[in-house]
Amino acid sequence: MNQIAPELLMALAGGTAGAAGQQIWASLRSLVRRRPSGQGASGEDELTALDTAADDADRARELAQVLEERARQDPAFAQALEAWRREAEAWGDARTGAGNVHNTISGGTFQGPVVQARDFSNIHFGHTSPGPENDPDDDWPEES
């Protein structure tokens with residue numbers, strides 16, 4: 001199992017992650033509260049400690065280590081934690097813009113500006129006035 005990134009745990013614990021991030025944090029809390037089948041730390045104390053100091057990287061690392069240790073001891077917990085980690089990392093990738101993106105533009109006649117971006121708003125291309133060059137139903141003048 002891949003270790004859970006402490007930075008991801010800190011972002012989720014901080015409460016600034018939005019509704020989706022808060023839901024993911026709550027699902028980790030529920031997972032950790034399930035009684036462990038073996039001996040050792042459950043992770044509940046470390047989770048609570050990170051809850052009270054979300055910007056503490058040491059606490060985040062401790063939680064990640066305890067979760068990893070518990071997963072080694074409890075196969076059912078390991079499976080559930082791995083599913084949680086994949087969901088949390090997908091949320092983290094979407095939040096930070098990480099991940100692979102492939103954009104393709106194809107087609108025939110040029111119709112106007114094309115923008116490929118992520119998380120943008122309020123884009124201006126300038127003012128266009130009525131006229132044949134801005135009328136999509138009018139043929140563009142041929143070049144000579």
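From the N terminus on, the elements of the protein chain run α-α-α-α-α. The model is a predicted one, and its chain has five helices and zero strands. Buried residues account for 28% of the 144 residues in the chain. Among contacts between residues at least 6 apart in sequence, 62% join residues at least 24 apart.

**Nonpolar core**

- The largest nonpolar core holds 25 residues, of which Leu9, Leu12, Trp25, Leu28, Leu67, Leu81 and Trp84 touch the most other members.
- The elements that contribute two or more residues to this core are H1, H2, H3, H4 and helix H5 (75-96).
- H5 supplies the largest share of the core, namely six residues.
- Leu9 is in contact with Ile4, Trp25, Leu28, Leu50, Ala60, Leu63, Ala64 and Trp84, when its neighbours within four places in sequence are left aside.

**Helix H1 and the segment before it**

- Six of the eight residues of H1 are buried, so this helix is largely enclosed by the rest of the structure.
- The buried residues in question are Pro6, Leu8, Leu9, Ala11, Leu12 and Ala13.
- Just after H1, Gly15 adopts a positive phi of about 75°.
- Ile4 is located in the segment before H1, and this residue is buried, with a relative accessible area of 1%.
- Beyond its neighbours within four places in sequence, Ile4 is in contact with Leu9, Ala64, Leu67, Leu81, Trp84 and Arg85.
- Ile4 and Trp84 are 80 residues apart along the chain, and their C-alpha atoms are separated by 9.8 Å.

**Helix H3 and its surroundings**

- Glu46, Leu47 and Leu50 are the buried residues of helix H3, which spans residues 44-52.
- Viewed down the axis of H3, these buried residues fall within an arc of 100°, so they line one face of the helix.
- Asp45 and Thr52, on the other side of H3, are exposed.
- The cover over the buried residues of H3 includes helix H1 (6-13), helix H2 (18-33) and helix H4 (57-73).
- Glu46, found in helix H3, has a relative accessible area of 18% and is buried; the cut-off for that class is under 20%.
- With its neighbours within four places in sequence left aside, Glu46 is in contact with Ala41, Glu62, Leu63 and Val66.
- The C-alpha atoms of Glu46 and Leu67 are separated by 9.3 Å, and the two residues are 21 residues apart along the chain.

**Arginine residues of helix H2**

- Arg29 has its place in helix H2 and counts as buried at 16% relative accessibility.
- Leaving aside its neighbours within four places in sequence, Arg29 contacts Leu47 and Asp51; of these, Leu47 is itself one of the buried residues of H3.
- Arg33 also lies in helix H2, where it is partly exposed, with a relative accessible area of 44%.
- Arg33 and Gly43 are ten residues apart in sequence, and the C-alpha to C-alpha distance between them is 8.2 Å.

- Arg85 has its place in helix H5 and is buried, with a relative accessible area of 5%.
- The side chain of Arg85 makes a polar contact with the side chain of Glu82, at 2.3 Å.
- Arg85 is also one of the residues in contact with Ile4.
- The charged end of Arg70 sits over the ring of Phe77, at 3.9 Å from the centre of that ring.
- A search of the whole structure for aromatic pairs finds zero.

Conventions: Residues numbered from 1 in each chain as written. Predicted model: local features only at pLDDT ≥ 70, side-chain atom pairs only at ≥ 80, totals over all residues. Heavy atoms only, no water. Buried < 20%, exposed > 50% of the residue type's maximum accessible area, 1.4 Å probe, protein only. Helix = DSSP H or I, 4+ residues; strand = E, 2+ residues; numbered from the N terminus. Arc of directions from axis to C-beta. Contact = heavy atoms within 4.5 Å. Phe/Tyr/Trp six-rings, centres within 6.5 Å; stacked < 30°, edge-to-face > 60°. Lys NZ or Arg CZ within 6 Å of the ring centre and 35° of its normal. Core = buried A, V, L, I, M, F, W, Y, C linked by side-chain atoms within 4.5 Å. Polar contact = N/O pair within 3.5 Å; in protein donor to acceptor, adjacent residues only side chain to side chain.
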